[in-house]
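Colleague: I would like to learn how to read a model like this one. Please take me through it feature by feature.

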Amino acid sequence: MKGAGSLCVKNNRAFIVFCAAFRYNNTRWNERGERRMANVWGNRCKVSIFGESHGPGLGVVIDGLPAGQTLDMEAVRAEMARRAPGTSAFATPRREADEVEILSGLFEGKTTGAPLCGIIRNHNTRSQDYEKDLPRPGHADYTAFVKYGGFADYRGGGHFSGRITAPLTFAGAVAKQFLSAAGVTVGAHIASIADVQDARFGTEIDPHMLLRLGASAFPVLDEEKAPLMQARIQQARQSADSVGGVIECAACGLPAGTGSPFFESLESRLSSMLFSVPAVKGIEFGDGFALTQLRGSEANDAFYIKEGGVATKTNHNGGINGGISNGMPLVLRVAVKPTPSIAKEQDTVDLATMTQAKLTVHGRHDPCIVVRAVPVIEAAVAIVLLDALL
């Protein structure tokens, strides 16, 4: 657009015309640049996801993994089973084996240094449950329709579906094995569902605690809270509704000095990855928003010498100062919204006629995403930490 830089904006209309012209002349750049990079994350260890909920399958390419690491495929299958649908009374009845087929990057059980590519086939789909012109409230149906001109696959949410977290979980399962070799363990628990709160991680977090949580079908610190949470989920299901909750994740063994300031801070990178997980709507590190209710003397984590090293007496800041790990356990929490696909009748619009409409979502959906999201959050954190350590 010649002369655009010299345009004198005298009113809002002129500014709108300028922006429209700029967008038109840069459409090609957006198509070739923005879309190409939208599904790639990472600096040293790059992760690229592909596939759609009701397509032939989904997959992930992990580039930058060091060669020679033995992969325990049984451990990978165990991680995939934690997230897989149809395995719990609190999840969608859609059943998928979520078996990962390795196409490249693994030879004789060890990573080769080439991109590791794994695919997961879809089998149990019911595409007739979805209506093209009636966007589901709370979903990306409408925004995807607008961004991609109506060409996005709407079945099951397409590329925006929670199903896309299956390949992400595989990538995290791989990352966990590299982290374990470096002495780093990642684990999480259900911090809350609806109004029922679990206990929180304390200052002392050890690998055995995190591994125990990972082996639990309903991971909580206070076992007495599990049936109360489960009751909230069943109540929501029976009323054709859903509930959300909070997941608290921790990593122990992370060496001090991991991360970089400002735009490459641990908080920035973790937030970037975690907000990519469907249904995540909030993140806090350490005591997070509760820190605003403390004075500096209370919020600061005092240092002391411990076994010849440096530690802090408290962990209000979640193991991070200035975007860099301080050697204490990394602690964060994510807010997971209620499942937007509910059987209650809701207001929407008919995009074909541009009129008001009513919608009742059919199909098989989780009354609470939180339970199956625990291994996904662990996976996302593991990917970020591996990228940072490499």
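**A lysine and its contacts**

Modeller: Start with Lys176: leaving aside neighbours within four places in sequence, Lys176 is in contact with Glu79, Arg82, Val186, Glu378 and Ala382. Contact means heavy atoms within 4.5 Å. This is a predicted model, so local features need pLDDT of at least 70 and side-chain atom pairs count only at pLDDT 80 or more, while totals for chains, interfaces and linings use all residues. Residues are numbered from 1 along each chain as its sequence is written, and side-chain values use heavy atoms, with hydrogens and water left out.

Colleague: Is Lys176 buried or exposed?

Modeller: Buried means under 20% relative accessible area, exposed over 50%, and partly exposed in between, with a 1.4 Å probe and protein chains only. Lys176 has a relative accessible area of 15%, so Lys176 is buried. Lys176 is found in helix H5 (residues 165-181). Helices here are DSSP runs of H or I with at least four residues, strands are runs of E with at least two, and both are numbered from the N terminus.

Colleague: With which residue does Lys176 form a salt bridge at 3.1 Å?

Modeller: A salt bridge is a side-chain nitrogen of Lys or Arg within 4 Å of a carboxyl oxygen of Asp or Glu. Lys176 forms one with Glu79, the closest N and O atoms being 3.1 Å apart. Glu79 lies in helix H3 (residues 73-83) and Lys176 in H5, so the pair ties together parts that are 97 residues apart in sequence. Glu79 also counts as buried, at 14% relative accessibility.

Colleague: Next, the nonpolar core. How many residues does the largest one have?

Modeller: A nonpolar core is a set of buried Ala, Val, Leu, Ile, Met, Phe, Trp, Tyr and Cys residues joined through side-chain atoms within 4.5 Å. The largest has 67 residues, and Ile62, Ile193 and Leu385 have the most contacts inside it. Helix H10 (residues 370-389) gives the largest share of this core, 13 residues. Apart from it lies another core of 7 residues, including Ile205 and Val331.

Colleague: In what order do the strands of the open sheet run?

Modeller: Two strands pair if DSSP finds at least two bridges between them. Here 5 strands form an open sheet in the order S9-S8-S10-S16-S11, with antiparallel pairing. The edge strands, each pairing on one side only, are S9 (196-197) and S11 (280-285). Strand S8 (residues 185-193) and strand S10 (residues 245-252) pair over 8 bridges. Within that pairing, Ala188 stands opposite Cys249.

Colleague: And the whole protein: how many helices and strands are there?

Modeller: There are 10 helices and 18 strands. Of the 390 residues, 45% count as buried.
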